[in-house]
Amino acid sequence: MPYAKREDVESFLAKLHHAIQSGFYVVDRDKNFNFLLLHGFSVQDRREAIESLCVENYFGGPEKDRDFPAQPACIWKFAVTLEGVDIYIKLKIVEEGAKVRVKCLSFHEPEQPITHYPYKR
């Protein structure tokens, strides 16, 4: 699997940090909601984890959005450890009219181990 160049990951994260100030939402999936309940994380904990992402947390993307296959590759994958719990995070930046917002597609435990972070030191 090819990885994005470091500069591209940095560029995405800069856009993400700017866009999250305009708006942020999580796809309404049981897996995302139940993860928070199971581990006692708040919605604010989730937001802070996403806001703290850096290049070292990157492990995949950009990839095509299977729900919008005609769009250019726009899905990015990151992982963090929060209070000893590994978390898989899948994000995209969406333009909705004049607004640019962050859409979180996944925020839960990884279904399989994440073994390679190309920019982790």
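User: How many aromatic pairs does a search of the whole structure find?

Analyst: Rings of Phe, Tyr and Trp (its six-membered ring) pair if their centres lie within 6.5 Å; planes under 30 degrees apart are stacked, over 60 edge-to-face, and the rest tilted. Here the search of the whole structure turns up ten. Bear in mind that this is a predicted model, where local features need pLDDT of at least 70 and side-chain atom pairs count only at pLDDT 80 or more, while totals for chains, interfaces and linings use all residues. Residues are numbered from 1 along each chain as its sequence is written, and side-chain values use heavy atoms, leaving out hydrogens and water.

User: Why is the pair of Tyr-3 and Tyr-58 edge-to-face?

Analyst: Their ring centres are 6.2 Å apart and the planes sit at 75 degrees, so the pair counts as edge-to-face. Helices (H or I, at least four residues) and strands (E, at least two) are DSSP runs, numbered from the N terminus. Tyr-3 lies in the segment before H1 and Tyr-58 in strand E2, so the pair ties together parts 55 residues apart in sequence.

User: Is Tyr-58 buried or exposed?

Analyst: Buried means under 20% relative accessible area, exposed over 50%, and partly exposed in between (1.4 Å probe, protein chains only). Tyr-58 is buried, at 0%, and Tyr-3 is partly exposed, at 31%.

User: Which residues form one aromatic cluster with these two Tyr?

Analyst: Tyr-3 and Tyr-58 form it with Phe-12, Trp-76, Phe-78 and Tyr-119.

User: Where does Lys-120 lie?

Analyst: A charge sits over a ring if NZ of Lys or CZ of Arg is within 6 Å of the ring centre and within 35 degrees of the ring normal. Lys-120 lies over the face of Tyr-117, 4.5 Å from the ring centre.

User: What volume does the largest pocket have?

Analyst: On a 1 Å grid over the protein atoms alone, a pocket is an open set of points where a 1.4 Å probe fits, with protein on both sides within 12 Å along at least five of seven lines; lining residues have an atom within 4 Å of a point. Grid points are joined across faces, edges and corners, and a volume is the space filled by probe spheres set on the points. The largest pocket comes to about 360 Å³. Of its 15 lining residues, Phe-12, Lys-15, Cys-74, Trp-76 and Ile-93 are the closest to the centre.

User: Which elements give two or more residues to that lining?

Analyst: Those are helix H1 (6–22) and strand E4 (85–96).
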